[in-house]
Each structure stands twice: as structure tokens, then as C-alpha cells.
Amino acid sequence: MKRLSAVLVTAIVALCLVFASVTQTVAEVSFKGKTVAILIPYSVGGAADIMARQMLPFMGKQIPGDPTMIIRNMPGGGGIVGENWVYNSAPADGTIIGQFSTSVTDTIFKPDKVKFELAKLRWLGGVRETTIAFSSKELGIDKGTDLAGLKKKVFFGTTSIQSPRAMLPRLLMRILDVDHKVVTGYGSSGDMRAAIRRGELTMTNDSQSAYFTAVEPMVKEGIVVPIAQEGTVQDGKIVRDPRLPDIPTYFEIVLELKGESIRKDVRFRAMETLAFLAGVRRGWVYAPRVSNATFDAMAASFDRFLKDPDMIAHFEKAIGFKLISLNASQAQAIIDRVVEIQKSDPEAIELLKALAQKP
Amino acid sequence: MTGNRRLTWLAILVVLALWIYLAQDMAAEIGAASMKGLLRVFAWPAFGYLLLGNVIGFAVGMLPGLGGPVTMALMLGFAFQLKMDAVEAFSFLLGMMAVTATTGDITSVLFGIPGEGSTASTIVEGHPMAKKGEAGRALGASLMSSLMGALVGACAIAVAIPIVTPLVLSLGTPEFFMLTVAGVTFVGALSGGSVVKGLAAGGLGFMFSLVGLDMQTATERYTFGFIYLWGGGETGGAGIGLVPATVGLFAIPEIVDLATKGGSIAQAHVGRLGGVLQGVKDALRHWWLVIRCSAMGTYIGIIPGMGGPVSQWVAYAHAMQSSGKQDQVGTGVIEGVVGPGAANNSTLGGALIPTIAFGIPGNVTTAILLGAFLILGLRPGTSMLTKDLDVTLSLVWVLVVSNVITVSVCFLFLNQLARLTRIKGTLLIPPLLLFIYLGSYTHSNSIGDIVITLIFGALGWLMVTFDWSRPALLLGLVLGRLADNYLWITYSRYEFGFLARPGVLIILGIIIVSIAYPLISQRRRVRAAEPES
Amino acid sequence: MSFHGYSIAFTGALFLMLAWGLWEASKWEIQASLMAWMIGLPTAALLALQLARQIIGTDETPAPADKDEPGVFNASLLEQQGETLDPAEERRRTTCIIVWVLGFAAAIWLVGFQLGVALMTFLYLKSARESWGAVVSITAAVLGAVVLAFDCGMHIFFAEGKLFVWTGLSTSPLFTSVCYNVSVLVGAR
């Protein structure tokens, strides 16, 4: 019996080898008969996971050889486990694509746990999204610039002290001398919206997709007002996100109230750094050892995929706003800029690290 | 006792009157939309997808390896690929989710291994019944109470529609914190012989929950340098996963026990399965307990972060406490099967309420459902309670129809299911071990999950041997992380002013009573017994 | 050591573990350690009380002979049926199953989930002297469930076994092509 099973296993292996060699005779890069996995470094059912699962059907058909597309989840360490694995252990044949959201900020806030070099990751593309801070009507303000001279104490809610998203509004309130308290420990942004309704919090911020689906209705109900947006990086500058033309960026508010001289302030520089760090909100990456030919083929596939009108239409319907994507070279340019800032402005980086430890 | 009952009836009447007063404008509208919603569920192909969802949910609930939330997320992509519309998609997804707690109870009763994270409590009383050869009765009771619980949870959504704002927003984080403490004391105080050991086990569970990255200062607590122990999620979270710990605590000792005792699971003669009918009668006889536990389950579902893993134990503690059989914990007390069976099913209905009304998901399951809603173009919020009311009520019907179908099908197969307890242990052990490890592994797809299962397996086995309360430890683990976060939110927001909030004081009173009552009644029983001896 | 002695040792071990936990917490800032103090100190007091009661002998924990609790079958019922288990035999079986439970975990770690579970199922059933029919069918069912349902069907990410990592071999192309051919067979592609 043992001999029989050994024969069976050998037969299967041999069959597979034949199969593999047949597919490899094609000269150009092709993933025919292979499985390409998008590796999500978070659990099943999170925002990143759900987005990837929606995109999957559109992705495969743009990749040469029409491979089977699957999602693989490798949660842990707030994303670090999966990020490290893609960089160090994933196969070099291009069948694993990482979809990262926090790899950029992780290199700053968790340097001793990160086992990859940001500058060496190869970016296939990404999507841009901004974040929006909003405050409860209880504060009695109508717009961001009203924050200056606010008499009431602000209770600002966030999930964890390390949350990079919450650092921009925290820095804004520091620059404007707003009396505020950072309340940490909420499980999700949904919990914080509930806390705002109960009057437990008076300010928080949220992602663009949550803003359109959950916060805008609250604005219409008259419960909250939008304060400021992070903006997006365009041609090396931080500008208002074209999908939210009426909400000013944090930078506009600070410059209007404090004048141009504030640009030299380390807090302002730290804010700018944060906006660049978030330039590629979610990006798809290859490990550095994937061959150039494979990288080029996949980058071209992603370009086609991100321009696919069916995919864009699906997303507009699903998330309620236009998808703005970055191709490989655009994403790489933003990451290069981040790497450069990390080297050139250590003072701003130190301030951000301190913010990640104390409210 | 009669005075007590009269008082409860009075309370029900007052609540009913209040509801009618608040809902008078909407009652007719709810009625009409409810009919429309029912027709949408029975339309083709939505009904076909509902049945498909039921089938998948049936298997997922039974298999200890697969949790409802994980499978639902995996099925999400399937729903997109088939281009289902809104009603079809949630007939499928919710139809699947609605039955996992029902069939999960079956695995818990038969094998002493939790089919779902939210059905572990059914083991404590249900599995001893299976060992005594009463598997049929335990299954009958748990299925019937599951059905009743699901119905109460579904009705709760409809009932909540006019009063949703006060219902969801009346309690704040300070009250949530107090409720976590109350939950652990309920279960700790119950643990059979020794209240001291029960409370200590709950405290240890709290300490285990601290493993991971702390949210306030990002301190690594008890992580020994392993990133695995930081916990998942984009912002950190509990380092010890609920499923690996639950499976370890309850399933590993069962495997050891099964192999040591030899033979099959049922060690006494399994009589005719007429017991099933007896179990159904048990559930009906305890209808008032079922309603109370279902109501608790629904309300716990509304509270953010809590869900089936919490409500089952609170219901269990309540069922045992009110049965007056606290000293018979773990011997197969039928109330201890009926109570949690109802509560873990009603929780889903409760968790849907804030999801629908405010887009605020109560737990992981509803967070995934919310994602699906958004993608399918449904916007939770006031429109779901006005313009799209029929869609909301078709959700209610999905819960009702799915559970009616599943429970009926289960009754057809109960004979075959109960016979599983007579299969030889050696044949069962490898598949059971497969599902134990697979279940814990799917928590974060890491070998670390398996190590956690082994550690908690050893702990669970020792706790069984030396008579410590595993439920209290597990509930401490579930609630500890929430309590830690709630405490800090409370303190940084209100400082010590939170102690003066009326809600906090009321819950504090309940906690004191729940500790004092068993002590007093124990003493009274001792005193009553004295003259005889 | 008697059952009573082991029981005291277990309580003592829990107490020591908690004491270590509190000592560790003393290194953290108050935001991170408050919960540990609030819950840990009363728990330590309860454990100390329990330990004292057990040592003095006023604890009401039932001895194994007359206890009746979750996970352990009521001994009296067994005796009613005239089946009693020799304590030495019971100890041997317990040790045996613990080794198997650990063995399954080790095999998963060493050769990966799919092969590890199948291998251990085969060995376990063989060592239990089951018939060939049962051994083959259950092993095949276990392997089939893991590969077809969980790997191919649900794409659960099974890590490569350490043995393969160390030797530089890889099983994942094997399972990938199995899944691909299955999907072609069932017409999913």
C-alpha cells in the first residue's frame, strides 16, 4: 500500500512538472495555468480585504495568460507580518502581489520590527484617497478656521495612539493652540461616529470612502461639519482632493491663520511629511527580487486594469465617488519623495515618533 | 414567585404601551413594508440564494474549523462575481450567517467542541447530556430554543425601528465598561463550588486579554518579542485569538478525555431518540427563560464589540442562576442548554439594528455585511428606515425563514446526528483534530494560532482536572480587551465623573446583587439543611 | 504526589504566573498597566486566598473520585455499567493521546498543513489497528477536505512546511496545479 501511494505521488508530481514545463515554453511573461495571489496583510473582512475582493474579477483578465486570481490573508502585527513576508519570503516568480496600506508609515513608527527597505519595494500601482476631519455641531464651529480661538475643549477620538491618520488633526490643534484631549481605544470609525452622536466625542476623522457613505449623511442631518482634509499629492504638491473641492486642506487653514512663516515650523513640516506618507493610500507591490521582465509585464497589466472602464464604473457605483489611481511610475515617484524626506528632515520624523507615543 | 411574575408582566405591559405610543405613526407603514419585504425574499432567484446560503451556513456552523465571519467574507467575492442584487446578496450572506449559530450548537452538544466561537457555552451542559446518552434531548432543546431566539432577534429589528435612536444611543462607553465587568462577575460567581476560584479564573482571563499591542501607548504587553502576539487588525488588537483559545480550552480536553475513556462519546446506552421531542418540550416549557435570554442576546448584540461570544455566557449564567441549580453546573442542566441556545441566535438580530440605522456595525459579522451593503448600493441610515423600509424588513424575513428551514431540516436528520456519538472514538479523533487545528489556523493563517491552541489546551485540561471554571476564563479573555479600551475612553473623556452617571450606578447595583445573591442563598440553603443533620 | 498536591501546585503556578504578569506590568506606563493592576491585584488576592485554603485543607474542591463536572464523565455512571478503568492504563492512554495531539501540531509545522494532517491521520489510525479500509478512506477524506475544500475552494493560505523551507523544496506548485486542474475539470475555468 505504501508503495502504491508513493507511486501515486510520484505520478502526480511528474504530471505537474510536465504541465509546468509546457507552460514555460512561451517566451514572453505569461501566467497561464498559474495562480496569482493578492496578499492582504490584514484579516478577512476588513476594508482592505473587501476592496481587493471587489477588484479581483477585473484584475485577472488584464494579466497575460489570464491566471486564477485569489486573495490571501496574512494578518498580524498591524500589517507588518504580511509586509515582511512579501519582501523576504514570497516566491520570486511574480505570483504574489502585496497590497499594502501601512508599509510606508510602518518604516517610521515600527522601525525595529520592519524587515524591508521601503526604497527597494517595486510599486505596480496604487489608489489615492484622502482623509477628512469633522467635528460635532456641539463645538459651535462651522469651518476649520473657526478652530482658532475655540473656547470649548475638543474631545478627539481615534483607534490607537499610533494611528497615522489621526496625527494631522492632532498637529493642527497643536499649531492652533486648541485645548484638546485625544481619546484612544475605539474599535472602529463606526464606533467613533456613534460616540459623536452620543456627545462623547466632538471631533474625529475618517477615510474618504467612509466619508461619502457614512459621514456625509450626518453632515446633511446637521450633526457634524467637515473641518479639513488631508489633500492628495499631485505633481509633488499637496492639493485639495478633486473629489472634495469644498473642504480646505489642513495646510490651507494653517497658512491662512498663521501666515507663510509657519512653513518653517517643525509641526508644519511634520504635517507635510504625513501627507506625503499617505500619498499612496493603498498600493500593489512586488518584492525586489522579482525579475524586470515580470515587473514590466505586471505593471503594464495594472495600468490597463486601473483604466478599465468597467472596473471604474463598478467602483463609482459601489463607493460613491470617482476612483483616482496611480500607475507604477506615479506611485514610485511619491515613494521616492517619502524616502527623500525621511533622510532630509529627521526633526519632523522625530516629532511624529513622539506623537505615536504620547497624546 | 407569583409577585415576581406579576411584576414582570406589568413591566412588559408598560414597555408595550410605550412602544405603541412611540410607534403609532409607523405601525401601518411597518406592516405594509413587511409584506413587501416577505414577497421580495420569496421571489426567484433570491429564495434560491437563500437556500444556498442556508446549506453553506449549515456546514460552516457544524464544522469547528470554519467560523461564520471568515466564511462570509470569503463568500462576498462569490456574491460579486454572480452580480447579485441587494436582496439576493443578503438573502445569500445573511441566510448563511443566520444558521451558523443554530448548527454550531449541534457540534458543541455532540462532540464537546464548539462549532462556532459563539456556541461554546452549549458544551457545558449539552455535552454531558450527550455523554449520558441524552444527545437527542439536548439537540431538540437547543434547536428549538435557537429557533425561538432567532425569531425574537428578528422581531427585535422590526420593533426597534421606531425607537432606534434611544435604543442605540442611550448607553455610552462608561456603561459599556460596567457591562463588561458585570458579564465576568455573572459567570465567575456562578462557577459551581467555589466563587473564589470562579472570580479568579475570570481575572486571569482578563490578564490574558492584555497580551498584545496596547492602544494607548503602543506598549508591547506580554509579547515576548513575537510580532504574532501583537494581534491582528490594522491598528492592533487582542494578541490571543478568540477561536484558537476557545478551541484549545474546550476541544483539546475533550479529545484527551475521549481517547482516555476509550469507546465512543456516548458512554451510557443511547436509548431511543424519543428524547428529541422531550427536548423540544423542555424549550417550550422554559419559554419565559428563552424570551429573557433572547432579549439579553439582542441587547448585547447592539453594544459595539460584543456579540455571540459574550451573550452566550451571560445567558448561560442567567439560565443557571434562575434555575436554582447552581450547584449542578456541568451535569447536563437543561436550562443551561436552552438559554445560550436562544441568546447566540438572537444576537445577530440585535447587531443588525445599529448597522442598518446608523451604519455602525456591532461586530465583525455585521461589519462585513455593511461592506456588502455599501458595495450593493444600499446606504444604511434613515433611508433604510423610511424609503427602503421593505428592504430592511426583508432582512428580518431572511432571519426568520432561514432558521425555520434549517431547524426543520435538522429535525429530519437528528437521528443520524445523534448516532455520531456512538462512533468509535479512534475513528473520530483524526478528523476532529483536523478541524480543531484548521479552525484555529484560519484565525490568522499562522502556526502561532496552533501554538496558542496547544497552550490553552494544556491549561484547559488542567482546569478541568482541578475543577476551575473555563467559561469564566474565556469570558474574561473576550471582554478584557474591550474593558481595557472602554476604561481608557471613559477615563480620558469623563475622568472620575463617570461614576456619577445613573446608568453606571444601576449596573454597579446589579453587579453587587449578582455576587451577594449566590452567597446569601448558599448560606440559606446550608442553614435550612442544618436541622436535618 | 497526591491529587491534592498537584492541585496545590496548579494553583501555585497560576499565582506565580500572575505575579510575574504584575511585575512585568510595573515596567509600563500607567495607561498600559492600569487594567493589569485593577484586575490583577484582586485576582492575586483571590488566588492567594484559594492557595491558603487548599494548603490548610478548608477548600471544597471535590476529589476526582466523586466529582462530576464538564469534560469529565460522571464516574458513578460508569461504575453502574460495571466498567472501570485501571488507573495505570488510564495514565498510559492520556500520555499517548497528548503525544498524538502534539504530533499533529508538529507535523503541520514540519511538512505543511495538507501533508501533515494526512500523514498523522494515517499513522494514528494505523497505530490504533484500524482496518485498511477505514485507514485509507479516512486519510483520503482528510486530505481531500484540506486540499479541495480549504486550499482550492476557499484559498486558505497554508504555509510551507519547515522541512521544505530548510531543504529549499516547495510543495506549493504541486497544490497549485492540483487546484488548477480541478478547476478545469469542474468547469470553473
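Q: In this predicted model, which strand is joined to E9 of chain A by five bridges, and in which sense do the two run?

A: The partner is strand E5 of chain A, residues 131-136, and the five bridges join E5(A) to E9(A) in the antiparallel sense.

Q: How many residues of strand E9 of chain A are buried?

A: To call a residue buried, we count the other C-beta atoms within 10 Å of its own and ask for 20 or more. By that count, five of the six residues of E9(A), which spans residues 224-229, are buried, and the strand is mostly covered.

Q: Why can strand E1 of chain A be described as largely enclosed?

A: Strand E1(A) covers residues 35-40, and six of its six residues are buried, so the strand is largely enclosed by the rest of the structure.

Q: Which residues of E1(A) point one way and which the other?

A: The general idea is that in a regular strand the side chains alternate between the two faces of the sheet. In this case, A:Thr35, A:Ala37 and A:Leu39 point one way, while A:Val36, A:Ile38 and A:Ile40 point the other way, and all of them are buried.

Q: Which strands pair with E1(A), and in which sense?

A: Strand E2(A), residues 68-73, pairs with E1(A) in the parallel sense over six bridges, and strand E3(A), residues 96-100, also pairs with E1(A) in the parallel sense, over three bridges. To trace the pairings residue by residue, look for A:Val36, which stands opposite A:Met69 in E2(A), and for A:Ala37, whose bridge partner in E3(A) is A:Ile96.

Q: Into which domains is chain A divided, and where do they touch?

A: Domain 1 is made of two stretches, 31-128 and 281-347, whereas domain 2 covers 131-277. Their centres, taken over C-alpha atoms, are separated by 27 Å. The contact takes 14 residues from domain 1 and 15 residues from domain 2. On the domain 1 side, helix H4 (103-109) and helix H12 (328-344) of chain A each supply at least two residues, and H12(A) gives the most, with four. By class, this side has seven nonpolar, two polar and five charged residues.

Q: How does one read the secondary structure of chain C?

A: Here too one counts the elements, and chain C comes to eight helices and zero strands. Of its 189 residues, 33% count as buried, and among its contacts between residues at least 6 apart in sequence, 57% join residues at least 24 apart.

Q: How many residues of chain B are in contact with chain C, and which element gives the largest share?

A: A contact between chains is counted from both sides, and here 59 residues of chain B are in contact with 58 residues of chain C. The largest share of the chain B side, 11 residues, comes from helix H19(B). That side divides into 35 nonpolar, 14 polar and 10 charged residues.

Q: Which residues touch the most other members of the largest nonpolar core?

A: The general idea is that in soluble globular proteins, nonpolar side chains tend to be buried together. The largest nonpolar core has 340 residues, of which B:Leu93 and B:Ile255 touch the most other members. Helix H7 of chain B, residues 135-160, gives the most to this core, with 17 residues. Leaving aside neighbours within four places in sequence, B:Ile255 is in contact with B:Ile429, B:Leu432 and B:Leu433, and also with C:Ile97 and C:Val101 of chain C.

Q: Is B:Pro253 buried or exposed?

A: B:Pro253, which lies in helix H11 of chain B, is buried, with 24 other C-beta atoms within 10 Å.

Methods:
Residues numbered from 1 in each chain as written. Chains lettered and ligands numbered in written order. Predicted model: local features only at pLDDT ≥ 70, side-chain atom pairs only at ≥ 80, totals over all residues. Core = buried A, V, L, I, M, F, W, Y, C linked by C-beta atoms within 7 Å. Buried ≥ 20, exposed ≤ 12 C-beta atoms within 10 Å, placed from the backbone. Contact = placed C-beta atoms within 7 Å. Nonpolar A, V, L, I, M, F, W, Y, C, P; charged D, E, K, R; others polar. Pairing = 2+ DSSP bridges. Domains from an automatic or database assignment.
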